[in-house]
Amino acid sequence: MQHQSKLPNVGTTIFTEMSALANEYKAINLSQGFPNFKSDQKLMDLVSEAMNSGYNQYAPMAGSLNLRKAISNKIEQLYNVSYHPDSEITVAAGATQAIYTIISAFVRPGDEVIIFKPAYDCYEPAIEVNGGITKVIQLSAPKYRVDWDEVKQLFSSKTKMIIVNTPHNPSGTILYKEDMLKLQELTKGTNCIVLSDEVYEHIIFDNEQHQSACLFPDLKDRSFIVASFGKTFHNTGWKIGYCCAPKDLMVEFRKVHQFNVFSVHHPSQQGLAEYLQHPNHYLELPKFFQEKRDLFLQLIEGSRFKATPSKGTYFQVLEYSEITNEYDIEFAKRLTKEKGIASIPLSVFNDNNKDDKVLRFCFAKTEETLEQAAEILRKI
């Protein structure tokens with residue numbers, strides 16, 4: 001058989017490659033973004049209770065109603081805006097599935113989608129496989145700020161969607177209120193959909209406020225907001241997230257969702273619904289992860305890496321130009337093989353593999369792991 005690939009340029013992800021390399025060389029793995037500590041035992045007990053109580057068959061296609069109500073209440077308490085649990089919230093098999101489904105539901109061949117690079121690596125393939133055309137705004141280290149005049153020049157009647165991500169993976173930066181106002185002004189009165197990837201909404205530092213798209217009325221009316229329980233509650237392997245959008249948009253989302261996933265793990269939804277009744281489970285996360293960020297930065301003081309403190313996510317970008325001129329992919333691989341520490345090179349997320357000589361390190365790790373990693377980094 002012969003066939004033409006719909007994704008000819010897509011291979012194994014850098015996350016898989018670096019984690020495999022870390023396993024092979026028994027390196028400390030600060031590459032892939034997952035905690036190496038347990039999720040809350042209370043949450044795991046709630047899921048087990050749900051299994052033992054019989055929640056082991058299909059959940060409703062849109063998600064368990066009690067979980068959707070809990071999500072609606074959370075959003076109202078945090079942002080003073082409402083999403084109707086029946087028609088405007090859908091539980092997804094992780095944020096990546098929600099993102100893929102949103103793009104699949106709306107992007108047709110020839111439609112243009114604006115993304116900001118460095119960009120999380122699931123955006124562009126989803127656009128491409130649906131026949132869309134990716135339009136790239138390249139951001140630059142160390143601040144990764146958006147030039148909205150540049151975005152305005154790229155924006156046209158063909159622009160079907162703009163994808164934003166705050167707090168931003170992989171850079172650890174955030175969008176500010178003025179950024180969201182510029183986005184709202186740009187898209188107002190158009191048919192452009194905004195996909196706002198907010199999976200790290202609860203992991204934001206230095207007393208900054210998360211600028212959700214739902215806080216801006218015209219943006220809310222045209223936006224999908226994507227969130228992740230895996231990122232929030234230290235259980236990325238559960239692959240459970242959700243998205244929120246106005247009813248007319250969510251109707252189209254669910255048309256695709258019902259055929260590529262239909263429903264999500266039922267007992268986990270029941271456990272999460274109960275767990276969300278206690279807001280401290282997510283309200284305490286900024287302090288928890290800022291302490292880890294600050295510890296990591298303190299531990300690497302005296303190294304030759306340069307750091308602009310992360311504003312959100314559980315990633316810290318380190319610049320290494322004083323150490324070597326090596327291409328970041330080669331340097332990351334060498335650090336894994338020779339020094340025993342794995343990271344992610346940011347060029348893989350950039351347009352034309354732009355190399356800013358920076359690596360991304362995940363600090364969602366135990367104190368012991370961060371101390372061991374920092375000891376290696378200080379010696380490089």
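Visitor: Is E201 buried or exposed?
Guide: E201 counts as buried, at 9% relative accessibility. The cut-off for buried is under 20%. Keep in mind that this is a predicted model.

Visitor: Which side chain does E201 meet in a salt bridge?
Guide: The side chain of K74. The N to O distance is 3.1 Å.

Visitor: Where do E201 and K74 lie?
Guide: K74 is in helix 3, residues 65-79, and E201 is in the loop between strand 6 and helix 8. The pair therefore ties together parts that are 127 residues apart in sequence.

Visitor: And K74, buried or exposed?
Guide: K74 counts as buried, at 4% relative accessibility.

Visitor: How many salt bridges are there in the whole structure?
Guide: A search finds 17.

Visitor: Give me another. What does K311 meet?
Guide: K311 meets D206 in a salt bridge, at 3.4 Å from N to O. K311 lies in the loop between strand 9 and strand 10, and D206 in the loop between strand 6 and helix 8, so the pair ties together parts 105 residues apart in sequence.

Visitor: How accessible are those two?
Guide: K311 counts as partly exposed, at 24% relative accessibility. D206 counts as partly exposed too, at 30%.

Visitor: What about K306, which partner does its side chain meet?
Guide: E322, in a salt bridge of 3.3 Å, N to O. K306 is in strand 9, while E322 is in the loop between strand 10 and helix 14, 16 residues apart. K306 is partly exposed at 42%, and E322 is partly exposed at 49%.

Visitor: Which residues do salt bridges with shared partners join into one network?
Guide: D206, E208, R293, D294 and K311.

Visitor: How many bridges join strand 9 to strand 10?
Guide: There are 2, and the strands run antiparallel. K306 stands opposite E319 in strand 10.

Technical notes
Residues are numbered from 1 along each chain as its sequence is written. This is a predicted model: local features need pLDDT of at least 70, side-chain atom pairs count only at pLDDT 80 or more; totals for chains, interfaces and linings use all residues. Side-chain values use heavy atoms; hydrogens and water are left out. A salt bridge is a side-chain nitrogen of Lys or Arg within 4 Å of a carboxyl oxygen of Asp or Glu. Helices (H or I, at least four residues) and strands (E, at least two) are DSSP runs, numbered from the N terminus. Buried means under 20% relative accessible area, exposed over 50%, partly exposed in between (1.4 Å probe, protein chains only). Two strands pair if DSSP finds at least two bridges between them.
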